[in-house]
Amino acid sequence: MNAMFNILADTGGSFWMPIQGSDMAGEVDWLFFFIFWICVFFFMLILVLLVGFAWKYRYREGQPVLDAPKHNTAAELTWTFIPTLIVIVIFFYGFKGYLHMVVPPPDSYEVDVTAHMWDYTFSYPNGGISDDSNMHIPVDTPVVFVLTSTDVLHGFYMPVFRIKKDVVPGRYNKIWVQAKVTGTFDIFCTQYCGQDHSSMRRKVIVQDRADFVKWVNGIVGGNFKTPADRGHFLWSTRGCSTCHSVDGAATGKAPTWKDVFLSQVPTLNDGTMTADENYLHDVITHPNIHPLPGFQPIMPPTDMLTEADVKDIISYIKSISKNYHPSAALPAATGPSSQPSK
């Protein structure tokens, strides 16, 4: 049976499926094609019988009209037991594959996946957060994904691994995989989650174990030179970049962060406000507290941000504003320039 499960393992994918990137992909493909060819077989069988019977029993002049048959025990038993047997086989292998997907090995490496409109954040056991907004995992290693959402229902889907799991706010779901090929593959969201659902795409980068260890150790602590550097990192990894540009470009979903600091911001409920540190803190920690004209109140909750995160984001916003003029560095001390007068 394992040989059948892996029948497409070395083909590099097919018309119907991408390459088999995980150990369980062969099981999924085998069951898919089992159901597919059963459907093809019965479609052709029914089509041939339909055409044959329509021709054989067509109306002809002079042929007496007979009563239609009302009962055939053999036919009824046949179309009852054969489909039942097929459905039992499908259920058995489907349930077997489901258990394989949802019960991870006890020594699995763990990656936390947090979904939010409209992005993913990937966190690792050493406290690091992916610094390129993509997921990195080692090859030939069982990896369990701990899934949660900060806002609405999302769907975590990796086609090359043949795994998909709902990401539900307020609870944790798990699914695991053991990648068997290195490369870069797609991650999609399969639940309609709002305006930018279709752009909620990331990549999973499968690396050799040594390369992965080097990468994951390099993201510990972030190695940021300034708070603004960390703020830029948070902008790119916590979903802010989905709606807020930092180069002045209009996204249509939220205002750009460029030059917003100390600018005059028109609000719907509170008139024009100055975008100082207090204003920025309020709108980050209490989304939609000051709704803006021309924008829908779609900013999701920011519970996953700590106070230090908010402070660094504000530092970054200040650093990209033309209205921010930090004091020049103080000159180095050289001692008094003159003696006090007597």
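Helix axes here are lines fitted to C-alpha atoms over the stretch in contact, and angles run from 0 to 180 degrees between N-to-C directions. Helices (H or I, at least four residues) and strands (E, at least two) are DSSP runs, numbered from the N terminus. With that in hand, let us look at a pair of helices in this predicted model. Helix 2 (residues 25–56) packs against helix 3 (residues 73–102) at an angle of about 160°, and their axes lie 10 Å apart. That angle makes the two helices roughly antiparallel, a label for angles over 145 degrees, while those under 35 count as roughly parallel, 65 to 115 as roughly perpendicular and the rest as oblique.

Helix 2 and helix 3 cross in the left-handed sense, meaning that the near helix is turned anticlockwise from the far one by less than a right angle; clockwise would be right-handed. On the helix 2 side, the contact (heavy atoms within 4.5 Å) is made by E27, V28, W30, L31, F34, I35, I38 and F42. Helix 3 contributes I82, I86, V89, I90, Y93, G94, K96, G97, H100 and M101.

## The model and the whole chain

A word on how to read the values: residues are numbered from 1 along each chain as its sequence is written, and side-chain values use heavy atoms, with hydrogens and water left out. As this is a predicted model, local features need pLDDT of at least 70 and side-chain atom pairs count only at pLDDT 80 or more, while totals for chains, interfaces and linings use all residues.

The chain's secondary structure comes to seven helices and 11 strands. Of its 342 residues, 37% are buried, that is, under 20% relative accessible area, with exposed meaning over 50% and partly exposed lying in between (1.4 Å probe, protein chains only). Among contacts between residues at least 6 apart in sequence, 63% join residues at least 24 apart.

Next comes an open sheet of five strands, in the order 3-9-8-5-6, with mixed pairing; two strands pair if DSSP finds at least two bridges between them. Strand 3 and strand 6 are its edge strands, each pairing on one side only. Ignoring direction, neighbouring strands of the sheet are turned by 25° against each other on average.

Strand 5 (residues 154–158) is mostly covered, with four of its five residues buried. It runs antiparallel to strand 6 (residues 163–167), and five bridges join the two; G155 stands opposite D166 of strand 6. These two strands form a hairpin with four residues between them, and R162 in the turn has a positive phi of about 60°. Strand 5 also pairs in the antiparallel sense with strand 8 (residues 183–189), over two bridges, and there Y157 faces F188 as its opposite number.

## Helix 4 and its cover

Helix 4 (residues 209–218) has F212, W215 and V216 as its buried residues. They share one side of the helix, because they cover an arc of only 95° around its axis, taken from the directions from the helix axis to the C-beta atoms. The face turned away from the buried side carries the exposed residues A210, K214 and N217. What covers the buried residues includes strand 1 (109–116), strand 3 (135–138) and strand 9 (202–207).

## F122 and its surroundings

F122 lies in strand 2 (residues 119–123) and counts as buried because its relative accessibility is 1%. Leaving aside neighbours within four places in sequence, F122 has contacts that include V111, D112, V113, F156, I187 and R202. S133, N134 and M135 are also among its contacts. The C-alpha atoms of F122 and D132, 10 residues apart along the chain, are separated by 9.9 Å.

## Backbone details

Most residues other than glycine have a negative phi, and most peptide bonds are trans. Against that background, a few places deserve a look. M117 and W118 are joined by a cis peptide bond, with omega about 0°; W118 sits in the loop between strand 1 and strand 2.

S133 is not a glycine, yet it has a positive phi of about 70°. It is placed in the loop between strand 2 and strand 3 and, at 9% relative accessibility, counts as buried. D259, likewise not a glycine, has a positive phi of about 65°; its place is the loop between helix 5 (227–237) and strand 10 (264–266).
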